[in-house]
Structures are given as C-alpha cells and as structure tokens.
Amino acid sequence: MVFSIGVVDDRYEVSARWKFIVIFIAVFLMWVYGTTIDNLGVWFGYELSLNSIVALFFTMFALAGFTNALNLIDGIDGLSSSISVVILSFFLMIGLEHSDHLMVVLSSFSIAGIVGFMFLNWHPAKIFMGDSGSLSLGFIISILAVLSIKYIHPIVILYLAAIPILDTLIVMIRRIRRGKSPFSPDKTHLHHILVKFFENNVQKTVIFLSMLQLIFSSIGYMLIGIINKDHHPIVPLLATVGFALMFVVFYMIFTGIKKRQIALEER
C-alpha cells in the first residue's frame, strides 16, 4: 500500500493528506495483526504500557512521521539510500543478536537492494528512488523499529534514526516560526544547507550526513547495552535529555548557517 501510493505520487503527485491516510490504513492493518507500539519502556522502575486504542494512534503518528521524514531527506543523490543503509545495518545487528528472523530478513534484504541501487544513484545519479522508494524504505525502517522494541528501550530508536528525525523536526519548527505550514516545501533541509556550505559538493554532503548518522546510531547501540545491563532508572532520562540538547544544538547551528547564506545571497 505504501509503495503503491508512492508510485502514484511519482506519476501524478499526491497530497500529503492522502499519503498519511494510506500510511494510517497500513498501520491499522499492522495493529489488527498485533504489531504495534504498546510499550514505551521502563521509566524510574515503572513500565509505561499503552492500552490498545492509544497504542494504535501513537503507532500511526510515529510511523507516519518517520516514513515521511525519510521521504523528506531524499533531496540529493544518494542521501536517503546511504542514511537507510546505516540505520538498517544497526537493526540487522539487533535482529541477529536476538535471533529475530523477521528483523534479519527485512533489514538484510533491504540493505542488499539499496547497495545495488546506490551504484546508479550516486552523484551524478542515473536513476532515482522517487517517493515509491523513499516511502517504502521509511515504512520498512519504521516496522523494524516497532519490532525492535521487544529488545531495546524505545528512546534508543531516536538515536538509531537520528538524522531523518532531527531534519524533520528542525524544518517543521522553522516553517511554523515563519508562519508557514509545517508541510510546505522549501529548501531549508539539512542537506540543502550543507550542499551550499560544501560549495555544491553533493558527495561531501552525503558522506558527512551518513557519518553523522553512523555516530548517532553507534551511540544508540551503546545505550542498548547500558540500559539492558545496568537497568539504572536515570539512563533513559539522560538519553532523552541528550537527544533534546542535540536537537537544540543542531537547530542553532543550521539556522545560523542558513541565515549567513541568505545574507551573502542578498549582498
């Protein structure tokens, strides 16, 4: 379903509303068959569980948000595919550690397909994944995140998939502050800013963001061991505060760079 709405969007252009509706229906089908976010982990010794209906709506919000987040970073050659390979590799490791066959198959097959695709998608690209590819990849990663909650604290997922999440939050807040719709298109994504910063060098931008994602995912992977081993109640809180601070730092740095770029263009 998600792939199909992407195909239609690539051919005819589909509004964000219809994309969300289709993703919501797909999440509803997952919920019917028992795949949902019904647990937000242990906080200060108490397990935060969600009842069935709340879990459904929370899962709809989370999966639709990340699916579109990956779609939004597909703005330059090779970026979404590179970021996806990094994220999928860490979910593959989690699946292998816990002998989760579905996680291993979903992540490994996706990585194999993306790696083959990247040979022709690297700048200057000969082929493009389009919305059909980016939405599908975003939804696959979202499913893996839901499946992984059985083994990891949910806060870790913010680190495992940091770049798409940070990019979307920063862009949406910036648009809202300018009085625009958070879904309105513009050229203020992290990759747009960095391409100009690196003097229109697309390869450097992709490598830089991919390395950032690798660092964040590695931090998240280390957090898994710390949280699962120590069970210290303060660790999830510190991880949450750390991600919030990381968001503030990113927002300030990239907003500052964007303002400088606009000022230079106006001279």
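Helix α3 gives the most to the lining of the largest pocket, with eleven residues. The model is predicted: local features need pLDDT of at least 70, side-chain atom pairs count only at pLDDT 80 or more, and totals for chains, interfaces and linings use all residues. Residues are numbered from 1 along each chain as its sequence is written, and side-chain values use heavy atoms, with hydrogens and water left out.

The protein has eleven helices and two strands. Both kinds of element are DSSP runs numbered from the N terminus (helices H or I, at least four residues; strands E, at least two). Along the sequence the pattern reads α-α-β-β-α-α-α-α-α-α-α-α-α. The radius of gyration is 18 Å, which agrees with the value near 18 Å for a compact globule of 267 residues. This radius is taken over C-alpha atoms, and the globule rule is 2.2 Å times the number of residues to the power 0.38. Along the principal axes, the C-alpha atoms fill a box of roughly 55 × 40 × 35 Å. Of the 267 residues, 51% count as buried (under 20% relative accessible area, with exposed over 50% and partly exposed in between; 1.4 Å probe, protein chains only). Contacts (heavy atoms within 4.5 Å) with a separation of 6 or more come to 72% from residues 24 or more positions apart.

Rolling a probe the size of a water molecule over the atoms shows where empty space is left. A pocket is an open set of points on a 1 Å grid over the protein atoms alone, where a 1.4 Å probe fits, with protein on both sides within 12 Å along at least five of seven lines; lining residues have an atom within 4 Å of a point. Volume is the space filled by probe spheres set on the points, which are joined across faces, edges and corners.

The largest pocket has a volume of about 940 Å³. Its lining comprises 35 residues, with F58, F61, A62, L158 and I165 nearest the centre. At least two lining residues each come from α2 (16-32), β1 (39-43), α3 (52-72), α6 (130-148), α7 (155-160) and α8 (162-177). By class, this lining has 30 nonpolar, five polar and no charged residues. Here Ala, Val, Leu, Ile, Met, Phe, Trp, Tyr, Cys and Pro count as nonpolar, Asp, Glu, Lys and Arg as charged, and the others, Gly among them, as polar.

The second largest pocket holds about 560 Å³ of space. It is lined by 21 residues; K19, N71, L72, F183 and P185 lie nearest its centre. Helices α2, α3 and α8 each supply at least two residues of this lining. Its classes are eight nonpolar, six polar and seven charged.

S107 is found in helix α5 (residues 101-121). At 0% relative accessibility, S107 is buried. Beyond neighbours within four places in sequence, S107 contacts L88, F91, L92 and L144. V104 also has its place in α5. V104 and E199 lie 95 residues apart in sequence and 39 Å apart in space, C-alpha to C-alpha.

Nine aromatic pairs are present. The rings of F247 and Y251 have centres 6.2 Å apart and planes at 40 degrees, so this pair is tilted. Rings of Phe, Tyr and Trp (its six-membered ring) pair if their centres lie within 6.5 Å; planes under 30 degrees apart count as stacked, over 60 as edge-to-face and the rest as tilted. F247 and Y251 both lie in helix α11 (residues 234-266), four residues apart, about one turn of the helix. Both residues are buried. F197, F198 and F208 form one aromatic cluster.
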